[in-house]
Amino acid sequence: MNFIDLHAQQERIREKIERNIFSVLDSGSYIMGPEVKLLESTLSEYVGEGVYGIGCSSGTDALLLALMAIGAGPGDAVYTTPFTFIATAEVISLLGATPVFVDIDPKNYNISPDALEEAIKTGMNKNGSSLKPKAIISVDLFGLPADYENISQIADQYELVLVEDAAQSFGAEYKGRKACSFGNVACTSFFPAKPLGGYGDGGMCFTKNEKIADIIRSLLVHGKGTHKYENVRIGINGRLDTIQAAILLAKFEIFDEELKLRQAVANKYCQGLSALSAVETPQVPKQCLSAWAQYSIMVEDSLIRRNLQAVLKQRNIPTAIYYPTPLHLQPAFNDLGYAKGAFVNSEAASERIFSLPMHPYLKDEEQNAIIETIKDFFQK
Ligand SMILES: *Cc1c(COP(=O)(O)O)cnc(C)c1O
């Protein structure tokens, strides 16, 4: 059994993918070919009216470009969650700004608006604090949009830039709006295992702000000005490959159908598992749709998790832990001075959570086996 089955998808659309790849081979436009523009317009239209999409080299670079475009740097505090992939906070430190971690809401694993406001207030009142509140990076973890009603309100009130880390949530919805439409800039990833994944690295920034869009377009080509050899700012080489754009265009044709298939898999897990008192299944708030990048469940403690994962493995059922160490306890962030106990909800999730196989092509009998194995484990 596969944790994520990219082959089943490829079999469905292999011809279309090959045609798109060969067309790039024939054209010779390997860098910034027409497929990049077409993907940008296709995806930005999908995300919402008046949205600009700017393709780039990865989800990480999308976040980096977003922070560069808003001018985050030394002396700036950027608030984010410690229960996420390293990239979310790594880019903050890379630019010399300071990640300020804020605990999650234990119900949905996304940044807690209450804790966020508390952290901003505490930071502002701290005597001698040299950090200036600059931005918030909210993460749509496992494909579920964060609480944007409250987070946007906090961003407005304290005049902070809001960046949506939508690496896992392309296609998700929050109160009738698509993921990637929140905040000042949104960033997604086309890493192969993401809901819309290519066959290599890729990402995209989304924004309604034309000025930010122009700066990002410049930054990702070495800070280009009106032409390639005029450099008006320090940038990076952060372009999306034409071949990846061509592959993603083929994959996008079946993307909405795949989202529905993911939803059906999630529904079946929920039906099968939510009656078990020893298992916490994901809660999707009303008026939200998850892109179901992961289907993650919580058990009582790390020992039960280890035993259950072992039993599933014996039956050839793969599982994964996202994320075993919250970022404030990562050695890379030692300098920030956080200790264990700083963010109890993130720490508890790291100890108790794990993810089950989730992809649009998970077979009924496979899913039945997963559900039955988990039920047996707890009913023994
Ligand atoms: C995958 C991921 C990223 C980074 O995306 P890449 O394309 O792998 O660089 C950033 N944030 C989150 C939450 C992710 O899951």
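**Notes on the predicted model**

1. Lysine 175 sits in the loop between S6 and S7; helices (H or I, at least four residues) and strands (E, at least two) are DSSP runs, numbered from the N terminus. Its phi is positive, about 45°, although lysine 175 is not a glycine. With a relative accessible area of 36%, lysine 175 is partly exposed; buried means under 20% relative accessible area, exposed over 50%, and partly exposed in between (1.4 Å probe, protein chains only).

2. A word on the ground rules. This is a predicted model, where local features need pLDDT of at least 70 and side-chain atom pairs count only at pLDDT 80 or more, while totals for chains, interfaces and linings use all residues. Residues are numbered from 1 along each chain as its sequence is written, and side-chain values use heavy atoms, with hydrogens and water left out.

3. Two further backbone spots deserve a look. Most residues other than glycine have a negative phi, and most peptide bonds are trans. Glutamine 287 has a positive phi near 70°; this residue is in the loop between H9 and S10 and counts as exposed at 57% relative accessibility. A cis peptide bond, with omega about 0°, joins tyrosine 322 and tyrosine 323. Tyrosine 323 belongs to the loop between helix H10 (302-314) and helix H11 (344-352).

4. Next, strand S9. Five of the five residues of S9 (residues 203-207) are buried, so the strand is largely enclosed by the rest of the structure. In a regular strand the side chains alternate between the two faces of the sheet. Here both faces are covered, with Gly203, Cys205 and Thr207 buried on one side and Met204 and Phe206 buried on the other.

5. What are the partners of S9? Strand S1 (residues 52-56) pairs with S9 in the antiparallel sense over five bridges; two strands pair if DSSP finds at least two bridges between them. Glycine 53 is opposite phenylalanine 206 of S9. Strand S8 (residues 185-189) also runs antiparallel to S9, joined by four bridges, and cysteine 187 faces cysteine 205 there.

6. A separate point concerns the open sheet of three strands, which has the order S7-S6-S10 and antiparallel pairing. Its edge strands are S7 and strand S10 (288-289), each of which pairs on one side only. Two bridges join S6 to S10, and glutamate 173 stands opposite leucine 289 of S10.

7. Rings of Phe, Tyr and Trp (its six-membered ring) pair if their centres lie within 6.5 Å; planes under 30 degrees apart count as stacked, over 60 as edge-to-face and the rest as tilted. Tyrosine 148 and tyrosine 174 have ring centres 6.0 Å apart and planes at 85°, so this pair is edge-to-face. Tyrosine 148 lies in helix H6 (residues 148-157) and tyrosine 174 in strand S6 (residues 173-174), so the pair ties together parts 26 residues apart in sequence. Both tyrosine 148 and tyrosine 174 are buried. Phenylalanine 170 and phenylalanine 206 are stacked, at 6.1 Å centre to centre with 25° between the planes. That pair links phenylalanine 170, in the loop between strand S5 (161-165) and S6, to phenylalanine 206 in S9, 36 residues apart. Elsewhere, ring pairs join Phe3, Phe83, Tyr109, Phe142, Tyr322 and Tyr323 into a cluster.

8. Neighbours within four places in sequence aside, cysteine 180 is in contact (heavy atoms within 4.5 Å) with residues including Phe170 and Phe206.

9. How is helix H8 placed, buried or exposed? Ten of the eleven residues of H8 (residues 242-252) are buried, so the helix is largely enclosed by the rest of the structure. The buried residues of H8 pack against helix H1 (6-27), helix H2 (34-47) and helix H9 (255-273).
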